[in-house]
Amino acid sequence: MVESKNCLKCKKNIKEKELHKIIIYVVQEQFTEHHYEHVECPDKFTV
């Protein structure tokens with residue numbers, strides 16, 4: 001099963017080959033949650 005990753009900024013799905021970063025929140029050494037973001041968010045470009 002492939003987990004779908006959605007960009008935190010533009011909410012679009014991050015495809016397998018697209019560059020993305022993972023944002024992980026750690027509170028008091030306890031893993032809380034993580035988010036993905038496009039490295040180059042598509043919404044910042046005009047195609």
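Visitor: Is His38 buried or exposed?
Guide: Quick note first: this is a predicted model, where local features need pLDDT of at least 70 and side-chain atom pairs count only at pLDDT 80 or more, while totals for chains, interfaces and linings use all residues. Residues are numbered from 1 along each chain as its sequence is written, and side-chain values use heavy atoms, with hydrogens and water left out. Buried means under 20% relative accessible area, exposed over 50%, and partly exposed in between (1.4 Å probe, protein chains only). His38 has 2% relative accessibility, so it counts as buried.

Visitor: Which strand is His38 found in?
Guide: Strands here are DSSP runs of E, at least two residues long, numbered from the N terminus (helices are H or I, at least four). The chain has zero helices and four strands, and along the sequence they read β-β-β-β. Residues 30-38 form the strand that holds His38, namely β4.

Visitor: Which side chain does His38 join in a polar contact?
Guide: A polar contact is a pair of N or O atoms within 3.5 Å; within protein, one must be able to donate a hydrogen and the other to accept it, and residues adjacent in sequence count only if both atoms are side-chain atoms. Leaving aside residues up to four places away in sequence, His38 touches several others, including Cys7, Cys10 and Leu19 (contact means heavy atoms within 4.5 Å). The polar contact from its side chain spans 3.3 Å, and the partner is Glu18.

Visitor: How many salt bridges does the count come to?
Guide: The rule asks for a side-chain nitrogen of Lys or Arg within 4 Å of a carboxyl oxygen of Asp or Glu. Glu37 pairs with Lys9, with the closest N and O atoms 3.5 Å apart. That pair links strand β4 to the loop between β1 (5-6) and β2 (13-14), 28 residues apart. Lys21 also meets Glu37, at 3.4 Å from N to O, and the count comes to two.

Visitor: Which residues are linked in a network of salt bridges?
Guide: Glu37 counts as buried because its relative accessible area is 10%. Lys9 is partly exposed at 45%, and so is Lys21 at 37%. The network is made of Lys9, Lys21 and Glu37.

Visitor: What share of the residues in the protein chain is buried?
Guide: Among contacts with a separation of 6 or more, 37% are between residues 24 or more positions apart. Out of the 47 residues in the chain, the buried share is 17%.
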